[in-house]
Amino acid sequence: MLESVTQSMFLSNTMVCDPLMSWTELSGTTKDDYATCDHQKDSYTFWTSIHPEYWSKHNVCEWLQFCCDQYKLDANCISFSRFNINGLQLCNMTQEDFLDAAGIYGEYLYFILQNIRICIFLRKYILNSCLLPIQDLQNSHLWEFVRDLLLSPEKNGGILEWEDRGQGIFRVVKSEALAKMWGQKKKNDRMTYEKLSRALRYYYKTGILERVDRRLVYKFGKNAHGWQENKI
């Protein structure tokens, strides 16, 4: 089936394929957010280096979060419990399955997944280069940005502080400064703490963060990694 689809996806003039082809128009992403990778394997980002069929459940969860972060999708519209599956099961979902599980974003998520699969096919059998997002798996998520600030006091500047390091509980001390720093990283000068905190709350659904009934206080959840002192 993928073989027949690739005929309409092949770019005869540029010999380049975009795993998120045409999605830039839907999301408002500009070409400045993209860069062409070189021909070495280690230049490819995670999402096109491993076929989605081989993703773990955690990879599927990370991919959904990546899409929410990158394309500003409302995670409240997505039933994350329906995506508690591995990559093979994800690839076996039909477009109708995606619509049932993700509502208005189902079609977009399905579109992105199919283009990733097609891009991998083209790169394997036809192409040697591929247009990929600059951001990689390790640098694309807000929660990792927050974690890295907590682990780097010299960069933190008193913006965040641990309340209970052993339990993974931390407090946002300077909310607007945090929003400004995240906005600079994402090249979004309209970032506010209201928007940032809403994005942080999305992580409750994926187990990255856990709810703490105190203002500006958060806790790393079971699916967060890299914050524990003995596991850094």
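The model contains twelve aromatic pairs, where rings of Phe, Tyr and Trp (its six-membered ring) pair if their centres lie within 6.5 Å, with planes under 30 degrees apart called stacked, over 60 edge-to-face and the rest tilted. This is a predicted model, in which local features need pLDDT of at least 70 and side-chain atom pairs count only at pLDDT 80 or more. Residues are numbered from 1 along each chain as its sequence is written, and side-chain values use heavy atoms, without hydrogens and water.

Select Phe66 and Tyr71 to see an edge-to-face pair, 6.4 Å centre to centre with 85 degrees between the planes. Phe66 is buried at 5% relative accessibility, and Tyr71 is buried at 6% (buried means under 20% relative accessible area, exposed over 50%, partly exposed in between, with a 1.4 Å probe and protein chains only).

Next, select Trp162 and Phe170, an edge-to-face pair at 6.5 Å and 85 degrees; Trp162 is partly exposed at 22%, whereas Phe170 is buried at 1%.

Finally, select helix H4 (residues 57-71) and helix H11 (residues 193-206), whose axes come within 11 Å and cross at roughly 160 degrees. H4 is therefore roughly antiparallel to H11, a term for angles over 145 degrees. Here Cys61, Gln65 and Asp69 in H4 meet Tyr202, Tyr203 and Thr206 in H11, with contact meaning heavy atoms within 4.5 Å.

Methods. Axes fitted to C-alpha atoms, helices over the stretch in contact; angles between N-to-C directions. Helix = DSSP H or I, 4+ residues; strand = E, 2+ residues; numbered from the N terminus. Parallel < 35°, antiparallel > 145°, perpendicular 65-115°, else oblique.
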